[in-house]
Amino acid sequence: MTTTTTHPLPAVAAPSGRRAVFFGGVVPASAAEEHLAEQIGGMLADHGFALVHGGYNGLMEAAARGAAAHSGRIHAVTLEGKRQEWGGFNPYVTQAVHLASLGERLDHYFETADLVVAMGGGVGTLHELTAALYYAGNISPIPVLIAGPTALRLLTYLRQEKWLFESPTRPLGFLTEITDATALAAVLPALSALSKKGTS
C-alpha cells in the first residue's frame, strides 16, 4: 500500500515539473563534497528541477539546503514504517511520499526522474547509484550525472573491473562525469531544455 503525505509547496514552483533525483550519503566524505552537494541543489533549482531524494541528512540535506535557497521544491521518497529508525526529514522537505518496499522506492525514483545526480555515500547510496546505471543503460536512458571525487573513483573502478562497459547494445551516452560545479553548469542548460515527464 502506498501513502502520500503532502506539505505546502513554496510559492515559487518549477512550472515544467522537471525532477532531478539526487543520491548521496548521510556521512559526507569531506566538507568539499558537502559543499558541492549544496551547489548542485541550488543549480538544479535554478534550472527548474524539483529535487527528489531520500529526505534525510548529510549530502541529501546539503543538496536540499541549496535547492531551498533558490526557491526550489524538495521531495522526500522513503519507506513506510522507517521514521523511528531513520529519524525525521531534513527541514527543507516540502513534500513526502512513503512507499511500501525498496523496489517501489527505486521505481518511483526512476519512473519520475528527468535526470539523476549521484554522489558518494554508504551501501544504500551504492545500491541507488548502480541501480541508476542499470536502469539508464537497460530500461530508459535518463541522464545520470556522477558527481564528486568519491563517486568518480567508484565509476573508475567499475570500468576497470568491467562491471560497467559500453557495447552496441549497452551504450553509455546517458552518463556524464561531474568533477565540480563548473562542470555541472556546462551540462545543465542542455538537460533543462529537455523534459521527459512534463508535469509534476
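Me: Which element supplies the largest share of the lining of the largest pocket?
Reply: Helix α5 does, with 5 residues. The helix covers residues 123-138, and helices here are DSSP runs of H or I of at least four residues, strands runs of E of at least two, both numbered from the N terminus. The model is predicted, so local features need pLDDT of at least 70 and side-chain atom pairs pLDDT 80 or more, while totals for chains, interfaces and linings use all residues. Residues are numbered from 1 along each chain as its sequence is written, and side-chain values use heavy atoms, with hydrogens and water left out.

Me: What makes a space count as a pocket, and what is the volume of the largest one?
Reply: On a 1 Å grid over the protein atoms alone, a pocket is an open set of points with protein on both sides within 12 Å along at least five of seven lines; a cavity is a set where a 1.4 Å probe fits but cannot get out, and lining residues have an atom within 4 Å of a point. The largest pocket has a volume of about 430 Å³, a volume being the space filled by probe spheres set on the points, which are joined across faces, edges and corners. Its lining has 23 residues, and the closest to the centre are M60, R105, G124, T125 and E128. Strand β2 (18-23), α4 and α5 each supply at least two residues of that lining.

Me: How does the lining of the largest pocket divide by class?
Reply: It has 11 nonpolar, 10 polar and 2 charged residues. Here Ala, Val, Leu, Ile, Met, Phe, Trp, Tyr, Cys and Pro count as nonpolar, Asp, Glu, Lys and Arg as charged, and the others, Gly among them, as polar.

Me: Why is R105 called buried?
Reply: Its relative accessibility is 8%. Buried means under 20% relative accessible area, exposed over 50%, and partly exposed in between (1.4 Å probe, protein chains only). The value for R105 falls under the cut-off, so this residue counts as buried. R105 sits in helix α4 (residues 102-112).

Me: Which residues are in contact with R105, leaving aside neighbours within four places in sequence?
Reply: They are G54, V77, T78, L79, W86, L99 and E128. Contact means heavy atoms within 4.5 Å.

Me: Why is M60 called buried?
Reply: M60 has a relative accessible area of 9%, and therefore is buried. This residue lies in helix α2. Not counting residues up to four places away in sequence, M60 touches F22, G24, G25, V26, H53, G54, G55 and N90. M60 and N90 are 30 residues apart in sequence, and their C-alpha atoms are 8.3 Å apart.

Me: Which residues line the second largest pocket?
Reply: The lining consists of T130, L133, Y134, G137, N138, L158, W163, L164, F165, R170, L172 and F174. By class, 8 are nonpolar, 3 polar and 1 charged. The largest share, 5 residues, comes from α5. This pocket holds about 280 Å³ of space.

Me: Why is D180 called partly exposed?
Reply: Its relative accessible area is 35%, so D180 is partly exposed. The residue is found in the loop between β8 and α7 (181-192). D180 and I40 are 140 residues apart in sequence and 9.0 Å apart in space, C-alpha to C-alpha.

Me: How many helices and strands does the chain have, and what share of its residues is buried?
Reply: The chain has 7 helices and 8 strands. Of its 200 residues, 49% count as buried.
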